[in-house]
Amino acid sequence: MLRAFRSLFVLLLSFAAIQPTFLSAQTPEPAAVPANAPYKDTALPVEKRVQDLLKRMTLEEKATMLSGSGWMESAPIPRLGIPSIKMADGPMGVRSWAGSSAITNSSTNPVRVETTSFPSGVAMASTWDTALVQREGQAIAQEVKALGRDMILGPTVNINRVPLWGRNFEGYGEDPYLSGQLGVAYIRGVQGEGVIPSVKHFDANNEEFERHRLDEKIDERTLHEIYLPAFKAAVQQAGVWTVMSAYEKVNGEYCAENPYLLTDVLKKEFGFKGFVISDWGSTYSTAPTVNAGMDLEMPGGPPAKAMLKSPRTIMSGNSGLWLEADKVLADVKARKITEATIDDNVGRILRVILVSGLMDHPHTATGEVDTSAQQQVAREGETEGIVLLKNQNNLLPLDSSKIHSIAVIGPNALVARTGGGGSSLVRPKYAISPLQGIQKRAGTGIEIASALGVGMEGEDPAHDTPEARTTDLKAATEAAAKADVAIVVVGRYNKNESEGFDVKTMDLPAGQDDLIAAVEKANPHTIVVLNTGDPVTMTKWLDTTPALLDMWYGGQEGGSALASILFGDANPSGKLPVSLPKKFEDSPAAKNHPGQNLHTEYAEGIYVGYRYYDTKNVAPQFPFGFGLSYTTFEYSDLKLNRLEFAGKNGRWEFSVKVRNTGKRAGAEVVQLYVHDGHAKIDRPTHELKAFSRVDLKPGETKTVEFSLDRSAFEYWSPQTKQWTLDPGTFEVQVGASSRDIRLKAPVEITH
């Protein structure tokens, strides 16, 4: 027994002696970094700097960078001077980064951040103005830097597939080409300031219902033609630095661990060189997530641990902290993840840090936000984004010399509804309500009366009782009856249209239809204004409504912009970026929303929005691309001016003349669609392939030019799994909406 004890003692001493050597072999002390290390040389190409950094990093340091260090911060590596990327939510302005939207939208928010509230994405999409959207991106990026942050989580380019999606207000509408071009503009504006954007949510994030568990079945052609093109444009045209993955599953795999989406499509097919970031709390594994192409998991650290313990988080289905260093290193040791894969992940993050200038020129907080220039961009965006849908007998614009009294009525008239709810809701320093905007513009010469009319459903229980509704409605109709003109502003707000849940119905909230009908009965000169991000049912009152405007969610300058349109200081030029159906059942996705047993099938395929309505002859309430003006426009002389070929690649250049035939200066959005009637596969009757916004003085004519490449005529072939063009005669259509085609021209393509 004594001999055995001595032998065991010697063995333990021997193990203790060699143990430090073993650990040292696994985690060698990093070499000192020389002052002239190549990665510090700003004159060297970025790729050489990235490779030099990777060679100097330990495996532990690399693994650390795959998960965030906080709620909105990536992990820094101080030894090498690699900074943390400090993020902020978007995309309609800069939000507090102190925690989830439940925290930052509350009155107890620990870090209150007040910045410019820009119009909602759907409002900016209604401008069809890429230059203005780029200025918006630039202005937001300037505020990001002024607050000492480095990255804005936007733009949102997900397609408006179904009218009830809770985040339709964030995106750019139903068309992949329009969404892509506006997304490119936003990204260029942000990156031009050295700020990192994150185009989101990759891919097919089109409903909020059970978004952490839902499995979407989408065929490959539909993905490539409808839900991927905006991201492809962001990568190939704008060179976007980061892409955010979506929450849900696509074809059985979570987007955060979907190798087909993240690697095969995004990184290989599109050629994406930046990094993929997870949406907050959307990872469910370690090796499968890293190997699929996820580069940075968010959030991380103590905030992530606190989030994952929350009953609300557990109920919703969030998950995270799978890419913490210890878990990643364990899977490397188990040979489930290769070091080469880790190098690719980390190299992508380093590439963005260097390309953006963050490592060499870190952002210093100046606190200068919501400047007059930034406010002006917000106002211009909303002014251009307001869509005039109806103007019977030219009720608009209002003539200040003939109108002596106006009644401003409605649950969205007396308060500024700047945006929908969730992670995009910005807290501005000020916000102008429709009433305030109209009062300021009217001045002292016009008497302005106001009335609630009906409380916003669920906002204030005191106004939801039958007695209160009777009283509020009576006050509204009395005010309307005494006024020369009544303006009724209706819609939703950030508690019933928001991230996290889908809108329950296309109908307006309780009592608003009755309010419109009662006011119109009291005053035949009634103007209805929609203040919402989703389509709404209008059939109960539209026929008796003389004038109708859609102002969407207009940001902090919404009231001022609305007043300028009402009084004719600005000529409405907004065009719908989404079809407005008569009823929800008319939507092509209605039968498959929200799905069953946590599965939903995109059975409508490529027939989304106008592709469905125009092809299947289903009349919407208002078509895609529609919008009236206070002037009129004439189209003429559509021509194919030039045709160039370089191998299989061709370029076709068209021109059309547009003339302002009215008495007011105005802007027209000229839309170009392509019709393919001979393809070997079923195709929509036409698809948007180009557009141009043109400003015209009364009587002025301008020539608008378009350039199309081969991709404008192609479709995705499920058989060959590539873009395909069937030779034959195509038709180029130019018009003012998808259902107002003014001119057509044949285009013969022989190969």
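How many salt bridges does the count come to? The count comes to 40 salt bridges, a salt bridge being a side-chain nitrogen of Lys or Arg within 4 Å of a carboxyl oxygen of Asp or Glu.

## Basis

This is a predicted model, in which local features need pLDDT of at least 70 and side-chain atom pairs count only at pLDDT 80 or more, while totals for chains, interfaces and linings use all residues. Residues are numbered from 1 along each chain as its sequence is written, and side-chain values use heavy atoms, with hydrogens and water left out.

## Salt bridges at Arg167

Arg167 forms a salt bridge with Glu170, with the closest N and O atoms 2.7 Å apart. Arg167 also meets Glu499 in a salt bridge (3.3 Å, N to O). Glu499 lies in the loop between strand 12 (485–491) and helix 19 (512–522) and Arg167 in the loop between strand 2 (151–153) and helix 7 (176–191), so this pair ties together parts 332 residues apart in sequence. Helices (H or I, at least four residues) and strands (E, at least two) are DSSP runs, numbered from the N terminus.

Both Glu499 and Arg167 are buried, as is Glu170; buried means under 20% relative accessible area (1.4 Å probe, protein chains only), against over 50% for exposed and in between for partly exposed.

## Glu668 and Lys575

The side chains of Glu668 and Lys575 form a salt bridge (3.3 Å, N to O). Glu668 belongs to strand 18 (residues 666–676) and Lys575 to the loop between helix 20 (558–566) and strand 15 (599–601), so the pair ties together parts 93 residues apart in sequence. Glu668 and Lys575 are both buried.
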